[in-house]
Amino acid sequence: MNWFRHGLAPWKPVHTLLFADKKVFFWIKDKLGLSDYQMAALLWLKGLVTGVLLGVWLF
């Protein structure tokens, strides 16, 4: 299967996910009125919870 001929570039899902995260990041920040440091703490907490859930699921 030719990825480029069929329009299925492997970086398109990654590109879409990154830009969707950027839009959601600013939407949450504006909606909740959080500062940059509060958003960093929220993202850190999200990463911690995701890591724990992945660790429980994998082991």
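Mentor: Please note that this is a predicted model. We begin with K29, which lies in helix 1, spanning residues 12-32.

Trainee: Is K29 buried or exposed?

Mentor: The relative accessible area of K29 is 18%. A residue counts as buried when this value is under 20%. K29 is therefore classed as buried.

Trainee: Which residue has a side chain joined to that of K29 by a polar contact?

Mentor: Leaving aside neighbours within four places in sequence, K29 is in contact with L34, S35, D36 and M39. A polar contact of 2.4 Å joins the side chain of K29 to that of D36.

Trainee: What percentage of the residues of the chain count as buried?

Mentor: The chain has 59 residues. Its accessible surface comes to about 5600 Å², and 73% of that belongs to carbon and sulfur atoms. The share of residues that count as buried is 5%.

Trainee: How many helices and strands are there in the chain?

Mentor: One of the helices is helix 2, which covers residues 36-58 and contains V56. The chain has two helices and zero strands.

Trainee: Is V56 buried or exposed?

Mentor: V56 has a relative accessible area of 60%. The class "exposed" requires over 50%. V56 is therefore exposed.

Trainee: What is the area of the nonpolar surface patch that includes V56?

Mentor: The patch is made by W44, L45, L48, V49, V52, L53 and V56. Its area is about 720 Å².

Conventions:
Residues are numbered from 1 along each chain as its sequence is written. This is a predicted model: local features need pLDDT of at least 70, side-chain atom pairs count only at pLDDT 80 or more; totals for chains, interfaces and linings use all residues. Side-chain values use heavy atoms; hydrogens and water are left out. Patches are made of residues with over 30% relative accessible area and no salt bridge: like charges are joined within 9 Å, nonpolar side chains (Val, Leu, Ile, Met, Phe, Trp, Tyr) within 5 Å. Accessible areas come from the Shrake-Rupley method with a 1.4 Å probe; for residues, only the protein chains shown count as cover. A salt bridge is a side-chain nitrogen of Lys or Arg within 4 Å of a carboxyl oxygen of Asp or Glu. Helices (H or I, at least four residues) and strands (E, at least two) are DSSP runs, numbered from the N terminus. Buried means under 20% relative accessible area, exposed over 50%, partly exposed in between (1.4 Å probe, protein chains only). A polar contact is a pair of N or O atoms within 3.5 Å; within protein, one must be able to donate a hydrogen and the other to accept it, and residues adjacent in sequence count only if both atoms are side-chain atoms. Contact means heavy atoms within 4.5 Å.
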